[in-house]
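User: I would like to learn how to read a contact between two chains. Please take me through one case.

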Amino acid sequence: VNTSDNTEFDLTDPDVIERLRAGDELVFNSLQRQLSQPLAQFISKRFNLCYQDAEEVAADVMVKVHEQIGVSYDPAKGSVKAWTFKIAINKGINRLEHQKSVDKKPEKDRWRTIRENRFKDSQNKYRLETLKDVFSSLSELDQSILRLSEIMSDAEIAAFEGVRIDVVRQHRYRALGYIDRECAVREKEKSE
Amino acid sequence: MSEEEVSKRLQDLFRSKDAPELTDAEIEAFISTASEVPPGTGERVRAKFVRKVLEKLHPQPIHRVDEPLPFGRWLERERQKARLSREDIAVAVGKDELFIARIETEDILPWQLKPAEAASLIDLFRLEPEALKQLIIVSYAAIEGRKDAEIIASRSREGQLSKKMGGHVKQASDLRQAPNAYPKELSDAINSWLNKINEEVRR
């Protein structure tokens with residue numbers, strides 16, 4: 001009986017990726033060992049889910065990776081880890097949307113609610129687009145600090161960026177202030 | 001807007017389809033620091049993954065097995081159909097890979113499994129009691145056939161031939177026996193084992 005030896009494969013190695021895409025079980029097992037736990041933690045932090053729910057979503061992510069790795073994943077477009085985390089974000093969003101639809105109580109005036117929600121949705125969409133635009137105008141460091149603030153502690157971010165903790169906090173404070181002012185200006189311009 | 005409000009809006013952005021993507025370096029940094037998780041998180045994710053894959057393969061519980069195979073061989077075939085490894089199944093039932101390999105090759109006979117072990121496997125593979133019984137009857141027939149073959153082998157060539165069959169010979173012999181399997185009377189011990197499993201699954 002041959003059993004695998006729990007060797008961890010380098011998921012950035014193109015040969016390993018080819019084996020993964022061809023359905024090599026040993027490599028997929030290694031991917032699972034390397035990513036199952038971080039994925040659950042990422043989903044829990046990013047979407048504020050309890051661990052039980054986050055593990056469920058992480059398992060859905062793994063199912064998708066298992067099904068699609070040989071079909072939809074294109075190594076030219078990014079690493080397999082980045083692709084997996086992107087799936088995690090989409091699955092997390094679906095989970096939140098599903099949760100919202102389950103939590104929704106029946107409304108008395110259904111059509112009025114639908115109209116109001118549509119208005120709110122369009123407003124939110126505009127706000128999100130503005131915010132995305134403003135966010136992308138921040139420096140690389142500020143963007144990175146804000147992206148990581150959702151999922152890592154200040155000390156961890158500081159170690160990753162190679163700066164002191166107070167520098168991380170200072171950058172975040174300034175970046176948030178800039179976003180606030182810039183969004184206000186753009187929204188005012190739109191309303192005028 | 002207060003800092004809290006801006007953070008809230010950023011959170012909405014990060015939880016939307018327009019979320020700015022994490023870079024490879026950021027993902028690596030996160031993975032290397034991801035440690036504050038409840039114990040067993042990774043294993044639970046993998047176990048859930050296996051269950052979901054097998055549920056996709058068999059959306060409905062299996063009441064009848066169309067192609068009769070010995071229990072272990074059937075598990076192996078279904079696992080391969082689902083493109084799962086023995087390690088996956090082992091993680092899902094909280095055992096080691098070698099244990100799964102020995103069940104698949106019937107080095108461990110189905111009725112040698114503890115009812116709780118068998119129950120976790122048949123629950124994972126979505127087998128209903130009647131389908132399990134079908135497989136056990138085939139396993140039983142295969143074992144009986146194998147015993148006969150071993151007796152013949154030991155008599156031939158004046159014992160020069162090994163009494164023990166190799167894995168591939170055993171597999172071929174089991175598969176040859178499988179279509180001939182008919183509802184034999186299972187021994188009382190096996191019937192009682194099946195009842196215990198049913199109780200375990202119901203629990």
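User: How much area do chain B and chain A bury between them?
Analyst: Buried area is the accessible area (1.4 Å probe) that two parts lose on being put together, summed over both. In this predicted model, chain B and chain A bury about 5700 Å² between them, with 60% of it on carbon and sulfur atoms. On the side of chain B, the most area is lost by Phe14(B), Arg15(B) and Phe30(B), together 13% of what that side buries.

Local features need pLDDT of at least 70 and side-chain atom pairs count only at pLDDT 80 or more, while totals for chains, interfaces and linings use all residues. Residues are numbered from 1 along each chain as its sequence is written, chains are lettered from A and ligands numbered from 1 in the order in which they are written, and side-chain values use heavy atoms, leaving out hydrogens and water.

User: How many salt bridges does the rule find across the interface of chain B and chain A?
Analyst: A salt bridge is a side-chain nitrogen of Lys or Arg within 4 Å of a carboxyl oxygen of Asp or Glu. The rule finds eleven across this interface. One of them joins Glu21(B) to Lys86(A), at 3.1 Å from N to O.

User: How are two packed helices described?
Analyst: Two packed helices are described by the angle between their axes and the distance between the axes. Axes are lines fitted to C-alpha atoms, for helices over the stretch in contact, and angles run from 0 to 180 degrees between N-to-C directions. Helices (H or I, at least four residues) are DSSP runs, numbered from the N terminus. Here the axes of α2(A), residues 25–47, and α3(B) come within 8 Å and cross at roughly 115°.

User: Which residues of α2(A) and α3(B) meet?
Analyst: Contact means heavy atoms within 4.5 Å. Among those that meet are Phe28(A) and Arg33(A) in α2(A), and Val45(B) and Phe49(B) in α3(B).

How values were computed:
Helix = DSSP H or I, 4+ residues; strand = E, 2+ residues; numbered from the N terminus.
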